Amino acid sequence: MISSLRQPVVGISGSDLLLRQRHATLIKARSFLPSLSREKGQRSLVSVQKPLHIAASLGVGNFVSVKSDDDKRGDLVKCEAYEADRSEVEGASTPSEAAKKVKIGIYFATWWALNVVFNIYNKKVLNAYPYPWLTSTLSLACGSLMMLISWATGIAEAPKTDPEFWKSLFPVAVAHTIGHVAATVSMSKVAVSFTHIIKSGEPAFSVLVSRFLLGESFPVPVYLSLIPIIGGCALAAVTELNFNMIGFMGAMISNLAFVFRNIFSKKGMKGKSVSGMNYYACLSILSLAILTPFAIAVEGPQMWAAGWQTAMSQIGPQFIWWLAAQSVFYHLYNQVSYMSLDQISPLTFSIGNTMKRISVIVSSIIIFHTPVQPINALGAAIAILGTFLYSQVFSIIHYF
């Protein structure tokens, strides 16, 4: 136990701190705190002009003086006092806290930057090669290959898994696959900004699914925070210049699928000791196995080959770079987001995800010169503000 106090300049000697107990009798302290008056001739051992730290340690035996050698029994309470510079005491944990904040900041900046780059290249690829099932499959295949190579070469430590782990992961992978494909289908039909505006309504899906399917209840402020989310998304949808029903429904299905992914992940992964990076790698591998046969059935090699020839004739070899970049950056941004979950709370992650959508929406509007009406921008702002308020309401509820 360490405590500190600040008093006027006074003296304190070891004999002033004396506690003695005999056979569990009542504890009597001669002077636990230093006297405010200095006795004549008494030698001052320490000045408390600076903070005075008093340390007490427990043992077995009787209370004895700190300096006393008369009683050789083990100390029950040992008191010591020493001076310390306040800056050293208060700043002792500062470097580690500062380093943690810097690390989280780097995670967030990297996450947002990678996500913006992925969305740009993903839209470029889909504009030239409108086959979202194949591009979704290639994204998962690239990430799976990268992690398998990392495990084989020792760059990353391979996770220790068992059949129970993969069984728990399977429903998560199904939901992840549906959400991933649905979002890609949406972006192949509408602007990137519109897809992310609709996807900012994910908290509303989370609350509604938890309430009506899982029977969970929430305080009234949580339901009220959904009003701007739903209203903002609706306003943005009805004022979208290039509205497409398939694109809209794709974003909505993606929201619902990712909500179930989070629910299955919380239920199935309790007690599993797998890092965020390896967890997402395993998720990608299993999702790839689920998605591949469906991609072949929905689109097929013949459509892919014809589309490839068209893309290469219109774009040239640069299209290959776009496709590779889209696949690599998809895995990297998801990997970093899962790694950040090891360092931050889910609430902080939710706020970071909201800010990520703002960066993607703004950057995509600038890069692709997406026409935006003022009323459409207002709807997007209301939806994103509602998402932020939703996270803040949960923060207050959890705090109290």
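This is a predicted model: local features need pLDDT of at least 70, side-chain atom pairs count only at pLDDT 80 or more; totals for chains, interfaces and linings use all residues.

Buried means under 20% relative accessible area, exposed means over 50%, and partly exposed lies in between (1.4 Å probe, protein chains only). Residues are numbered from 1 along each chain as its sequence is written, and side-chain values use heavy atoms, with hydrogens and water left out.

**Overall make-up**

- The protein chain holds 13 helices and seven strands; helices (H or I, at least four residues) and strands (E, at least two) are DSSP runs, numbered from the N terminus.
- Contact means heavy atoms within 4.5 Å; among contacts in the protein chain with a separation of 6 or more, 83% are between residues 24 or more positions apart.

**Helix 10 against helix 11**

- Helix 10 (residues 301–315) and helix 11 (residues 318–341) pack at an angle of about 115°, and their axes are 8 Å apart.
- Helix 10 brings Trp-308, Ala-311, Met-312 and Ile-315 to this contact, and helix 11 brings Gln-318, Phe-319, Ile-320, Trp-322 and Leu-323.
- By class, the contact of helix 10 with helix 11 has eight nonpolar residues, one polar and no charged ones.
- Axes here are lines fitted to C-alpha atoms, for helices over the stretch in contact, and angles run from 0 to 180 degrees between N-to-C directions.
- For the classes, Ala, Val, Leu, Ile, Met, Phe, Trp, Tyr, Cys and Pro count as nonpolar, Asp, Glu, Lys and Arg as charged, and the others, Gly among them, as polar.

- Thr-135 lies in helix 3 (residues 132–153) and counts as buried because its relative accessibility is 0%.
- Not counting residues up to four places away in sequence, Thr-135 touches Val-125, Leu-126, Tyr-129, Thr-184, Leu-323 and Gln-326.
- His-176, in helix 4 (residues 163–189), is buried with a relative accessible area of 1%.
- Leaving out residues up to four places away in sequence, His-176 touches Leu-140, Phe-258, Arg-261, Tyr-280, Leu-283, Ser-287 and Tyr-330.
- Tyr-338 sits in helix 11 and is buried, at a relative accessible area of 12%.
- Beyond its neighbours within four places in sequence, Tyr-338 is in contact with Arg-261, Gly-276, Tyr-279, Tyr-280 and Leu-283.
- Tyr-338 and Tyr-280 are 58 residues apart in sequence and 6.7 Å apart in space, C-alpha to C-alpha.

**On the surface**

- Ile-178, Phe-243, Met-245, Met-249 and Ile-253 make a nonpolar surface patch of about 450 Å².
- Patches are made of residues with over 30% relative accessible area and no salt bridge, joining like charges within 9 Å and nonpolar side chains (Val, Leu, Ile, Met, Phe, Trp, Tyr) within 5 Å; a salt bridge is a side-chain nitrogen of Lys or Arg within 4 Å of a carboxyl oxygen of Asp or Glu.
- Helix 8 (residues 245–268) gives the largest share of the nonpolar patch, three residues.
- Phe-243 lies in the loop between helix 7 (220–238) and helix 8, and is partly exposed at 36% relative accessible area.

**A backbone detail**

- Most residues other than glycine have a negative phi.
- His-369 is not a glycine, yet has a positive phi of about 55°.
- His-369 is placed in the loop between helix 12 (346–368) and helix 13 (374–399) and counts as exposed, at 68% relative accessibility.

Note on methods: Accessible areas come from the Shrake-Rupley method with a 1.4 Å probe; for residues, only the protein chains shown count as cover.
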